[in-house]
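Good morning, and thank you for coming. Please look at the sequence and the model first; I shall then take you through a few selected places.

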Amino acid sequence: MELSRVSPLLSRLVAAPRLLLRRRFTQNSTLFLLHNSNNKSKVTLLLKHKQSKALATKAAAAAAETRTPTNMVKAIRVYEHGGPEVLKWEDVEIGEPGEGEIRVRNKAIGLNFIDVYYRKGVYKPAKMPFTPGMEAVGEVVAVGPGLTGRTVGDIVAYAGGAMGSYAEEQILPANKVVPVPSSIDPVIAASIMLKGMTAQFLLRRCFKVEPGHTVLIQAAAGGVGSLLCQWANALGATVIGTVSTKEKAAQAKDDGCHHVILYKEEDFVVRVNEITSGNGVDVVYDSVGKDTFQGSLACLKLRGYMVSFGQSSGTPDPVPLSALAPKSLFLTRPSLMQYTVTRDELLETAGEVFTSIASGILKVRVNHTYPLSQAAQAHTDLESRKTSGSVVLIP
């Protein structure tokens, strides 16, 4: 075989992903053995040292061109389910965005109880190890081939879609992010995206709150609870909220709670019955779960709605359907992902949240920020109820 024909052939063969290159040296020449991984075919080339060295260099360069460029970034990784100690801060590789994708450098990352559920294994991630996190705001730093509608430099937010926001950078589907208005700070946006969109679908679509309704909000000073109180009040409802401390009671009052119940000091079922003159409430929004579930059901009026959207105290005990029959109650366990299935639903939900911030309906409290590297401490504080309002991680 002529050497002029060997060089392009060797380059193509070495660049092929399923071919392996082996070199054997003799006294005056180099023997190249190229064969595929199933050993069905083999090409042998005998070349002089000088030519073989040059061809090997060209072949290596050709192979390098076929590899996807990667960068190293810091991220939190989870290799096993457990306590906050399983959150590991380490280097990970990130490639370039593909078709329909963008790469985002995160500016602020929202911390939510759903992150705890995935860490503990209450919810199962698609694979192990995994990077937790369901919301973030960041700057687009790369755009996949052929993508329109997003450009480098855009500030975008996402929530409730692909998991993995506990990272300095991440690859995201472009159709799952929304543009952030320039009037809203990235930290504010990151603190409210998942919680705000959750509050929107709970109040506006899951059970449509209207003037004259009476609502009970468990954990009224929490991230979602705080927004529910403010928004329900603005919609004209009478708002009852439960909290654990006097400090949180003051916050709930400030957020629009007409009646605040310190559940550690009084029976919230008895107090709700007193407040409503024995009628009960139209709807209960319960993110606590096991500790409050039965009591929440008892607080409902005839044909009332029990909306269980979290389980910070644990999974509620099973409820027989017959338990709902005496008052013809409705029970639902909704998820944001099922209320933002289409692009239009996502944009509408996020748009109403941003509008409510701009109009002053929603006041966002970022009471706690932590470096992303200290995510374990943030989880510890969240689970021990040392936090109130929103918690944000900063890369």
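In helix H4, the residues Ile-192, Met-193, Gly-196, Met-197, Gln-200, Arg-204 and Arg-205 meet Glu-345, Leu-346, Thr-349, Ala-350, Glu-352, Val-353, Phe-354 and Ile-357 of helix H9, where contact means heavy atoms within 4.5 Å. Helices here are DSSP runs of H or I with at least four residues, strands are runs of E with at least two, and both are numbered from the N terminus. The model is a predicted one, in which local features need pLDDT of at least 70 and side-chain atom pairs count only at pLDDT 80 or more, while totals for chains, interfaces and linings use all residues. Residues are numbered from 1 along each chain as its sequence is written, and side-chain values use heavy atoms, with hydrogens and water left out.

How do these two helices cross? H4 spans residues 186-206 and H9 spans residues 343-359; their axes come within 9 Å and cross at roughly 100°. The axes are lines fitted to C-alpha atoms, for helices over the stretch in contact, and the angles run from 0 to 180 degrees between N-to-C directions. H4 and H9 are therefore roughly perpendicular to each other; angles of 65 to 115 degrees count as such, under 35 as roughly parallel, over 145 as roughly antiparallel, and the rest as oblique. By class, the residues of this contact divide into eight nonpolar, three polar and four charged. In that scheme Ala, Val, Leu, Ile, Met, Phe, Trp, Tyr, Cys and Pro count as nonpolar, Asp, Glu, Lys and Arg as charged, and the others, Gly among them, as polar.

H3 and helix H10, residues 375-383, pack at an angle of about 105°, with their axes 11 Å apart. H3 and H10 are therefore also roughly perpendicular to each other. From H3 the contact takes Phe-113, Asp-115, Val-116, Arg-119 and Lys-120, and from H10 it takes His-379, Leu-382 and Glu-383. Three nonpolar, one polar and four charged residues make up this contact of H3 with H10.

Phe-113 leads us to the aromatic residues. Rings of Phe, Tyr and Trp (its six-membered ring) pair if their centres lie within 6.5 Å; planes under 30 degrees apart count as stacked, over 60 as edge-to-face and the rest as tilted. By this rule there are six aromatic pairs. One of them, Phe-113 with Tyr-117, is tilted, at 5.7 Å centre to centre and 45° between the planes. Both residues lie in H3, four residues apart, about one turn of the helix.

Is Tyr-117 buried or exposed? At 7% relative accessibility, Tyr-117 counts as buried, whereas Phe-113, at 24%, is partly exposed; buried means under 20% relative accessible area, exposed over 50%, and partly exposed in between, with a 1.4 Å probe and protein chains only. Tyr-118 and Tyr-123 form an edge-to-face pair, 5.6 Å centre to centre with 75° between the planes. Tyr-118 is buried at 14%, and Tyr-123 is partly exposed at 22%. Phe-113, Tyr-117, Tyr-118 and Tyr-123 form one aromatic cluster.

Finally, I come to two single residues. Pro-129 lies in the loop between H3 (113-120) and strand S7 (135-143). Pro-129 and Tyr-79 are 50 residues apart in sequence, yet 4.4 Å apart in space, C-alpha to C-alpha. Gln-251 is placed in helix H6, residues 246-254, and is buried at 10% relative accessible area.
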